[in-house]
Amino acid sequence: MKIGFKNIMVLLALILGGSSCDSFLDVQPKGEVLEGDLLKDAKGFENALYGVYAKMGSTNLYGQNLSYSALDLMAQYYTSTNNEEVEPLIKYDYTNTKAEDLFYNIWCDMYSNIAYANNVLEHLEKFSPSDMQFYNIYKGEALGLRAFMHFDLLRIFSEQITVNESADGIPYSTRFSLFAPDILKSKDVYKRIISDLRSAEQLLDDDELYASASSNANFLKDQNIHFNLQAVQATLARVYLTEGTLDSALYYAQQVIQAPGLSLLDYTDIAGDLAGKLSSKETVFGIYSKNFAEPVIKILHNSQTAYSFEMRYNIQQLYQINGAGNDYRWGAWYTYNNTIKYWKLDKLTDTYVLNNTEYNRPAGEIRGINMIRLPEMYYIAAESALKLGNYDQALDYFNELLESRGLVALDDRLPAETLTVDKITDDRYKEFVGEGQSFYHMKRLNLDILNVEGQTVTADKKIYVVDIPSQEFEFRR
């Protein structure tokens, strides 16, 4: 059976719950579903966008593989004894059938969801801001989400552009169509990602529009589970840093750092702040999900089973550095299992689900997945400023982050320490365990990797680039 891009493009718009690229055979093949049915008024567009967010939270995407699982296995955070599902990822054996299936599902589901965002955008073309009060918000969120999803596909399936400026990229899908868009060069994909994000930024940068909403405008509540203005700017900071445009990366990181409503935690508040929920202060963008907690408990919290992950051999050494202060992340995020003699990651463990005490959950907590958090903007600002020659500015950003985690500022240590990209990398690795960001950082800097067996894996295209699924080319032929 040949299943190509056009089938991926129509899948989610035909059946929102579909998760397999094969299932298009079981539904209408022409893409008329939702035409003039759902997407005809504000409520319809809001429900459609909720559908895009929900799909992002699925296990094939950010609900597991693109957060604490596949990408973090590739970042060498975990071991998993005799687990045939994860060993190919730890070994970077992307030609293994299980790895091929995993990345094929990521490819399919992401492009399915991009198709759904495109369907929203195409139907919005039939309306204008005069027809719907929040037209610009619907359009801005859809454009931003389209760019966000393409960017992560590019980070997985293409070479790092600063390593190979002429690298092949991925298709950039902008239409809800039966025709597969061309596979572009990576540099051209970047142009389209940035264009969509800049358009989204203009649409969402409208305080008066948000202020005009009535108290009954539920769609505008809990903006941290929407692809809001700060989410757009944070993604631009990510994109520009990865592309190597450091001045723009610094600018957009600063925009988010200075935004009202966001702040770094005090180190005394770290424990439990990410426990299956959005951070109380640091979440720039998250996905609401009640389904996130149980797989996390099964895979990360539970004792050693065929499914569980245990922490790498030297995880404790990474956090406990003499003279640096008390890294509160260590005590807050890890638990030692004396039975199996391994450290377990409890950073994401929802204790209300674990203990069946949902009735005790505080009002206002939002269950779900942290997609972008404020600390990343401090790392981006520090690295960008450092490389641009603004050492004092870089040090200020990095020290502020360190002190929020209970650590001593670099220039206050005895002896004083110098800020380097390596120091930023080391602290990033500690901060983003369980969040799917560290492999991207390693790839961007083309780093050699110290694997879970204590061996150095030399940076190489074979390590850092997953091939586009072969089914895509079979269809195109």
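Asp93 sits in the loop that runs between helix 4 (87-90) and helix 5 (97-124). Helices here are DSSP runs of H or I with at least four residues, numbered from the N terminus. The model is a predicted one, so local features need pLDDT of at least 70 and side-chain atom pairs count only at pLDDT 80 or more, while totals for chains, interfaces and linings use all residues. Residues are numbered from 1 along each chain as its sequence is written, and side-chain values use heavy atoms, with hydrogens and water left out.

With a relative accessibility of 31%, Asp93 counts as partly exposed, a label for values between buried (under 20% relative accessible area) and exposed (over 50%), with a 1.4 Å probe and protein chains only. Asp93 also belongs to a negative surface patch, together with Glu84, Glu87, Glu100, Asp101 and Asp467. Patches take residues with over 30% relative accessible area and no salt bridge, and like charges are joined within 9 Å. A salt bridge, for its part, is a side-chain nitrogen of Lys or Arg within 4 Å of a carboxyl oxygen of Asp or Glu.

Now for the aromatic side chains. The structure holds 31 aromatic pairs, that is, rings of Phe, Tyr and Trp (its six-membered ring) with centres within 6.5 Å; planes under 30 degrees apart count as stacked, over 60 as edge-to-face and the rest as tilted. One of these pairs is Trp107 with Tyr111, edge-to-face at 4.8 Å centre to centre and 65° between the planes. Both residues lie in helix 5, four residues apart, or about one turn of the helix. Trp107 is buried, at 0% relative accessible area, and Tyr111 is buried at 0% too.

Trp107 has another partner in Phe157: this pair is edge-to-face as well, with 5.0 Å centre to centre and 85° between the planes. Since Trp107 lies in helix 5 and Phe157 in helix 6 (residues 135-157), the pair ties together parts that are 50 residues apart in sequence. Phe157 is buried, with a relative accessible area of 4%. Ring pairs go on to link Tyr92, Tyr94 and Phe103 with Trp107, Tyr111 and Phe157 in a cluster.

Elsewhere, Asp422 is found in helix 17 (residues 421-431). Asp422 is exposed, with 53% relative accessible area. Between Asp422 and Ser199 there are 223 residues in sequence and 34 Å in space, C-alpha to C-alpha.

Conventions. Helix = DSSP H or I, 4+ residues; strand = E, 2+ residues; numbered from the N terminus. Patch = residues over 30% accessible without salt bridge, like charges linked within 9 Å, V, L, I, M, F, W, Y side chains within 5 Å. Areas by Shrake-Rupley, 256 points an atom, 1.4 Å probe, with all protein chains shown as cover. Lys, Arg positive; Asp, Glu negative; His and termini not counted. Charge placed at Lys NZ, Arg CZ, Asp CG, Glu CD.
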